[in-house]
Amino acid sequence: MVRPTQLLHPARPPAPLRPAATVLLLRDSADPARPGIEVLMTRRSATASFAPGAYVFPGGGIDAADAQCHALSTRRPTQSDLRLTQAIAAIRESFEELGVLLAHRSDGSPVRDDDIARLDRKAPFAAQCQAHGLTLDGADVFVLAHWITDRDLSRRFDVPFLVARMPEGQEPVADEAEQFEPVWVRPQDALARHAAGDFFIIFPTIRTLERLTAYATVDAVLAACSAHDEPLFASCPRAGLLNGREVRLMEHEPAFGEVALVCPDGQIVHPLDWQHDQPVALLKNVQRLTAPNPGHMTGPGTNSYVVGDPATGYAVIDPGPDEPEHIERLWRATGGSIRAIVCTHSHADHSPGAAPLQALCVNAGLPKPPILGLPSASTARHNSHFVPDKALADGELIELIGMNGNDTVSHTLEVIHTPGHAANHLCLVLVEDSLLFTGDHILNGSTTVIDHPDGDMSAYLDSLDKLDAACQRHGIDFILPAHGHVLGDHRQAPDNPLSPPEGGARRAIAQLKAHRLAREAKVARAMKALPQGTPDEWVKLAYDDVPERLWPVAKRSLLAHVERLQNLGVFNL
């Protein structure tokens with residue numbers, strides 16, 4: 001875990017969570033010219049305390065009485081007590097707000113509008129249903145998603161987004177107090193109207209409607225939700241700043257981990273725009289400067305990291321290409337107090353800046369910082385030749401130690417040799433703060449090229465396992481790659497049950513390894529389909545989901561997969 005002393009913003013407790021439930025009532029469009037799903041939405045009161053004026057799905061808080069009504073409802077064998085309580089709350093809220101009741105009579109026939117007309121929407125719900133012999137259709141309400149309100153908001157809810165088919169023979173009538181203007185709308189139309197500015201919806205509603213567009217019928221949605229009887233997706237969003245404006249992010253989005261690291265308690269202060277002129281503070285002891293070398297291989301540019309503080313001096317990780325202005329900015333970010341320059345590997349966008357940065361220190365009359373790393377192997381490309389002042393050993397520690405008043409301050413980098421992308425590649429763990437610097441081994445937004453022969457796919461996969469073990473050993477939640485934003489999230493917290501116990505770093509590694517093995521399976525299928533084929537022919541099949549302009553680069557990784565498959569005895573060509 002990151003030391004609290006290194007956080008940029010004071011800790012603050014988030015608002016407590018309130019249990020709630022909402023339900024998406026669905027029907028299939030009757031208009032053959034506009035096929036698809038329609039969902040029932042209503043406009044919230046302009047004076048509502050949460051999302052005033054927004055179009056929403058019916059729902060609200062879970063009452064204690066909802067958990068006491070299980071005997072009044074049908075139930076699936078796989079439906080837990082919690083899920084049934086949530087379904088009953090959603091049924092009650094849709095009745096109170098819209099006069100829609102998911103229930104049936106004692107003879108098994110569905111409830112109709114005339115049954116509902118005999119009920120009082122403001123009177124106790126369960127007692128009325130029992131008095132009229134009605135059974136709630138809780139078994140027909142499925143969970144689609146699980147949302148937890150963002151940490152920055154003053155009112156927060158723990159909300160399952162449930163789905164159910166709209167009962168036949170009923171018409172929604174808004175209560176004209178909390179909800180107004182019930183409307184049936186296709187998800188894609190709601191999103192288009194929101195983009196046009198005449199249908200205001202909030203972030204969780206937007207993302208849920210986006211997911212619904214993937215389904216053609218109500219049956220398809222219900223089948224997906226009933227397959228495992230668990231949410232199809234879950235999120236506790238975070239917010240940052242982009243172009244000076246607030247943006248919301250879900251866990252799978254590239255900048256989510258960075259906001260989690262910098263603003264763990266939900267402060268909306270961190271800019272996510274890529275720029276090359278100023279260092280970006282991630283912690284008090286970690287800064288990032290992105291080199292001005294953007295491209296399809298480098299993304300927004302190569303990230304150089306500055307670790308340390310004025311008391312300890314600094315280590316610069318990956319000084320980048322020989323870009324004088326970038327090197328000058330690195331020198332200024334450290335005040336010239338550089339204790340070590342570490343190159344994760346020898347590629348041309350990572351190591352050439354090391355010698356010029358070292359020279360700046362010497363020319364300023366400051367101590368000469370050693371250039372550390374592993375020498376390039378004989379298999380490296382000609383533009384990746386690199387010889388450090390000192391070769392690092394796997395497990396070696398690089399220590400920055402200083403005094404802050406009477407207190408000793410330390411920042412320790414542990415070296416992990418991770419061949420695969422390059423034979424001399426290494427990663428670094430900032431031990432005290434459980435951060436993993438991955439160079440090009442793990443990127444955010446793309447997968448790294450395994451360039452045979454210096455790159456080796458088996459070594460790459462083995463190194464992923466080695467990094468996973470390091471994450472487990474050090475409790476690492478965040479990955480700082482050489483390209484892209486920080487990856488990961490903090491560990492499971494009392495207010496965020498959605499975070500898996502292993503944290504986001506291990507999850508990212510597991511997903512990356514699964515992706516690589518899935519790609520390898522496609523390579524194997526391509527080779528099987530065209531046993532006499534060429535790499536150019538195989539890449540069209542194995543990388544058919546990658547833009548054609550990237551196939552020449554993808555072919556490098558394909559060759560690494562081919563070599564691995566041959567070594568494993570899968571193919572002998």
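**Close-up views of a predicted model**

**View 1. Surroundings of serine 94.** Apart from neighbours within four places in sequence, serine 94 contacts Val23, Leu25, Pro58, Gly99, Val100 and Leu102, where contact means heavy atoms within 4.5 Å. Serine 94 lies in helix 1 (residues 81-98); helices (H or I, at least four residues) and strands (E, at least two) are DSSP runs numbered from the N terminus. Serine 94 is buried, with a relative accessible area of 0%; buried means under 20%, exposed over 50% and partly exposed in between (1.4 Å probe, protein chains only). The model is predicted: local features need pLDDT of at least 70, side-chain atom pairs count only at pLDDT 80 or more, and totals for chains, interfaces and linings use all residues. Residues are numbered from 1 along each chain as its sequence is written, and side-chain values use heavy atoms, with hydrogens and water left out.

View 2. Strand 23 (residues 435-439) and strand 24 (residues 478-481) are parallel partners, joined over 4 bridges. Leucine 436 has isoleucine 479 of strand 24 as its bridge partner.

Note on methods. Pairing = 2+ DSSP bridges.
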